[in-house]
Amino acid sequence: MRREPRTDGHPTALVTDEPPPALVTDDRPPTPVDAHPRAWSARTARARFRDGLTGPTAGMAAGHTQANLIAVPADWAYDMLLFCQRNPKPCPVLDVTDAGSWTTVLAEGADLRTDLPRYRVWRDGELVDEPADVRDHWRGDLVSFLIGCSFTFEWALAGAGVPIRHVEQGRNVPMYVTSRPCRPAGRLSGPLVVSMRPVPPEHLTAAIRESGRYPAVHGSPVHCGDPSALGIEDLGRPDFGDPVETAPDDIPVFWACGVTPQAAVTASRPPFAITHAPGQMFLTDTRDEHYRVA
């Protein structure tokens with residue numbers, strides 16, 4: 001597994017020895033005609049995704065918890081559960097479904113096969129498709145894991161005066177594969193993936209404090225400052241998401257990221273998996289305060 005530069009102007013991609021086929025990578029933040037996405041209910045957002053709307057979900061459905069998705073065959077489910085238990089910062093589990101089920105207690109009436117903006121389909125660790133609907137790919141043995149997402153605590157950061165650069169700039173959050181290995185579990189292993197938000201020095205304490213109150217959605221940062229300490233060579237070339245413009249005194253702050261299971265899929269090569277596309281999350285009906293601790 002390595003980072004490989006691309007020639008089409010997009011960020012670097014995490015690849016194995018054989019690069020994946022050309023896939024959809026041009027999603028942009030939604031531009032609705034009726035109301036700003038932050039005012040949507042989670043149910044409204046899911047309905048829009050079901051109807052074909054795609055794009056990053058940062059700043060959507062204010063006050064509603066967002067979640068990463070990974071679905072694996074039942075005979076890999078214990079490995080995934082153990083991987084999450086051993087790596088709780090990047091993989092905080094919010095719900096696990098029964099085998100074959102596409103419903104979750106986190107959102108009544110939602111369909112995990114249709115209600116995310118975009119998905120990724122994996123075979124033997126290779127990315128083979130990025131559809132907006134996975135009903136044709138769904139299998140009766142899939143167990144789905146919904147994992148906390150740092151988009152959830154961005155509302156708390158904003159409320160404390162912390163600027164959210166990628167939201168301000170209409171971009172997806174930048175995400176990077178690090179040199180830090182996760183703790184292996186059964187057949188699953190792989191590197192930690194982090195999301196990065198540039199934070200002005202005067203807001204750093206607030207960013208750490210406010211995100212730390214949401215341990216179920218990654219909690220406090222894993223690193224602040226020099227990206228090379230995580231093995232990140234160039235902040236301008238994220239492995240997933242978009243690069244963001246920073247102010248001269250901004251400090252790069254890194255949070256554990258729910259794309260980490262996708263890096264484990266790439267490294268460990270299970271026969272099949274379905275995940276969310278990075279930055280395009282599942283909007284739950286659960287309110288953010290449900291996961292906030294004093």
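How many contacts beyond four places in sequence does the model have for residues 30-34, where pLDDT stays under 50? The count is eleven. This is a predicted model, and the mean pLDDT of the protein chain is 90, with 88% of its residues at 70 or more.

**Confidence**

**Sheet and helix**
- An open sheet is built from four strands in the order β8-β9-β11-β10, with antiparallel pairing.
- Because β8 (175-181) and β10 (223-224) are the edge strands, each with a single partner strand, one side of each has no neighbour in the sheet.
- Strands of a sheet pair through backbone hydrogen bonds, in a parallel or antiparallel manner.
- β8 and β9 (residues 191-199) run antiparallel and are joined by four bridges.
- Within this part of the sheet, P181 is opposite P191 in β9.
- Helix α5 (residues 204-212) lies across β9, β10 and β11 (251-256).
- The angle between α5 and β11 is about 10 degrees.

**Cavity**
- The model has one cavity of 30 Å³ or more.
- The largest cavity has a volume of about 70 Å³.
- Its lining consists of 14 residues, and N68, C149, S150, M175 and C257 are those nearest the centre of the largest cavity.
- By class, the lining of the largest cavity has eight nonpolar residues, six polar residues and no charged residues.

Terms used
Residues numbered from 1 in each chain as written. Predicted model: local features only at pLDDT ≥ 70, side-chain atom pairs only at ≥ 80, totals over all residues. Heavy atoms only, no water. 1 Å grid on protein atoms, 1.4 Å probe; cavity = no way out; pocket = protein on both sides within 12 Å on 5 of 7 lines; lining within 4 Å. Points joined across faces, edges and corners; volume = space filled by probe spheres on them. Nonpolar A, V, L, I, M, F, W, Y, C, P; charged D, E, K, R; others polar. pLDDT = per-residue confidence, 0-100. Contact = heavy atoms within 4.5 Å. Pairing = 2+ DSSP bridges. Helix = DSSP H or I, 4+ residues; strand = E, 2+ residues; numbered from the N terminus. Axes fitted to C-alpha atoms, helices over the stretch in contact; angles between N-to-C directions.
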